[in-house]
Amino acid sequence: MIVKSARLQTSPQGIASTCRHVFRGSDNENIEVLQGSEFDVRAELGRAKSVNSRYAVRHIKISSYEDMTDAQAIDVVHMYAHEFKTDPATATIVKHTKPRADNKASNQHYHVYFPEVLSNGKILHSSFSKIREEKIARIAEIDFGHKPVQGKHNASVIKDLERTGGKSYADTIRRNTPSLESKNSPDASYSEKQFRRSKANCINLNEIRQSLKDLRISSESFGQMIEGLDNLNLRIQKGDKAKTYIIVTDDNHILGSANRLFNMKKSEFCQQYESYLRGLDTKQESVQALQHVTSEAKTSYEKTAQGISANTRHDQIQPSEPRKPTQAPVSGHVHADLSSDTIQTTESMSSDEKTAINSQNSDRIQARQTTRQALASQEEFHKKLAELEQKFMARWHHIKPEPFPDADSCNSVLVRQKHENRLRPLRDKYHQAKASWFNGSSTRKALSEFNDALKKLRYDFKNLDILNNDDHFNYSLNYMSDLYVVGRERSRREWSSDLSVQSYIKAKKDFDELLRYIEKTENIELLKTALGNPVRALQQMRELKQLEQQEKAQIYKNSGRSHAFSYDKR
């Protein structure tokens, strides 16, 4: 949740501008005044002038990612009034309905106005307002069960809550904050001034920020992300300050800091952008401790494992039987260490016998080490494959899950069969209970179960006798199964029409092809490349496949020539 405010100066133009946007803004789908009126806001201009106050009203914006009820919004207003010691009844509250740029966050937000001049003639508190407003937002998130937001001043909020007796809130915020260091605190993508200036130039910064977010997520490398700006009619140029880069439109309209709009740390963006300018594209992620596993290594591992198994069976003899080493006869007593799979020599053995046993023990130890290394390499290989898959899914975590991915869920015949299998036994149970005239309680229970099942499946046919008329029952099954399928297909169409989803589907297809190829060929070098730069790995995979096809074609061609030569010779 975000709660932020601006103090509006005692100026007719400023008050008229804010009222025009909040009460009659054309970019909103709906505007609803929950408390107060535009007249109340404009009236504060005269009151502020009468006491020579620099500010007339305080404009607060309340927005959340999750949907928020009007009652919850009013609760936040009361929390604000309590924090800043004013009367919540003097607030003017307006609800706006407007779709967000990412089409995922709640389409509702609230504007609140408080008089800067209180009823006693004093001015509304304003010290440390940003920290106090973040405290209100964090408390509201916890109370409403919303997803926690990492604020810029979370450390100060926690200290204030602990000081004022809100330790439980402070502990919850601390658990939900990855880092309380100031250098790791988030920065706004753009200022309110930049937003208003861009809006005056018919540029929607919210949509641009969302487009840049999608571009960063869908790009496989930093260079690809920078090159993707051309498709958005944007470019990067050096700012006035050192180590600062800004994003501008083709018309040279400045949008803001590049690192903030891309939601990156300034140092990280500068480092990668300067590397990109030098032709390095992006830093590669190192892959440590990745052992080379080939098909030959697998064969060696299997042979070694079989050898150890055979040796173990050979070594585990009865104590009464004499030990017979393979390399030399042993006349003395032999002690087999079954836990380590080695043989101990004794003083009674000859020098040749001891040499033969030591050599055999060395071979077995070497075989065990080879097996362990092969197993470790296999484990590390599959671990890196899992890491590659996790990285890909993390890159597309913002994509909504595919609705009804099972094809059977959009088959009206199967949907009807599923509904009938659920309803018909309950319907038959009711009729059987009804046939027994003395069993009234069972009849009522069966009827209740049938009606509950209809309610869960959203069957609502007031003019049909589904319970007693077979034709009506069959009609309702056919109608509802078709209705279910139509709704599910519409959900799938809406999901697949999203541009981000289309990009994800294409990327997922390419990634699955790459993953299958790496698993099949066990190409460690390709896996290393994929962990650092999946786009380059995909290009290498296609080059390797093309090479394999050419080699197969050449072999087939040579084979054909050989057969033709043999036939001519005969």
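This is a predicted model: local features need pLDDT of at least 70, side-chain atom pairs count only at pLDDT 80 or more; totals for chains, interfaces and linings use all residues.
Residues are numbered from 1 along each chain as its sequence is written, and side-chain values use heavy atoms, with hydrogens and water left out.

**Entry 1: Leu-531**

Is Leu-531 buried or exposed? I noted Leu-531 as buried, because its relative accessibility is 6%. Buried means under 20% relative accessible area, exposed means over 50%, and partly exposed lies in between (1.4 Å probe, protein chains only). I also looked up Lys-384, which is 147 residues from Leu-531 along the chain, and the C-alpha atoms of the two are separated by 8.2 Å.

I traced an open sheet of five strands in the order 1-3-5-4-2, with antiparallel pairing. Two strands pair if DSSP finds at least two bridges between them. Strand 1 (2-9) and strand 2 (30-35) are the edge strands, each pairing on one side only. On average, neighbouring strands of this sheet are turned by 20 degrees against each other, direction ignored. Angles run from 0 to 180 degrees between N-to-C directions, and axes are lines fitted to C-alpha atoms, for helices over the stretch in contact.

Helix 1 (residues 12-24) packs on this sheet and touches strand 1, strand 2, strand 3, strand 4 (92-97) and strand 5. Contact means heavy atoms within 4.5 Å. The direction of helix 1 makes about 145 degrees with that of strand 5.

How many bridges join strand 3 to strand 5? I found seven between strand 3 (residues 55-63) and strand 5 (residues 108-115), which run antiparallel. Val-57 has Pro-115 in strand 5 as its bridge partner.

Three strands form another open sheet, in the order 6-7-8, and the pairing is antiparallel. Its edge strands are strand 6 (234-238) and strand 8 (254-257), each of which pairs on one side only. The twist averages 30 degrees from one strand to the next. Helix 11 (residues 266-277) packs on the sheet, touching strand 6 and strand 7, and its direction makes about 70 degrees with that of strand 7. I then followed strand 7 (residues 245-249), which pairs with strand 8 over three bridges in the antiparallel sense. Ile-247 stands opposite Gly-256 in strand 8.

**Entry 2: two phenylalanines**

Most residues other than glycine have a negative phi. Phe-128 has a positive phi, near 50 degrees. I found Phe-128 in the loop between strand 5 and helix 4 (129-144), and it counts as exposed, at 64% relative accessibility. Phe-404 also has a positive phi near 50 degrees. Phe-404 lies in the loop between helix 13 (351-395) and helix 14, and it is partly exposed, with a relative accessible area of 34%.

**Entry 3: a helix pair**

At what angle do helix 14 and helix 16 pack? I read about 140 degrees for helix 14 (residues 412-435) and helix 16 (residues 470-497), with their axes 9 Å apart. That makes helix 14 oblique to helix 16. Angles under 35 degrees count as roughly parallel, over 145 as roughly antiparallel, 65 to 115 as roughly perpendicular, and the rest as oblique.

Definitions and conventions: Helices (H or I, at least four residues) and strands (E, at least two) are DSSP runs, numbered from the N terminus.
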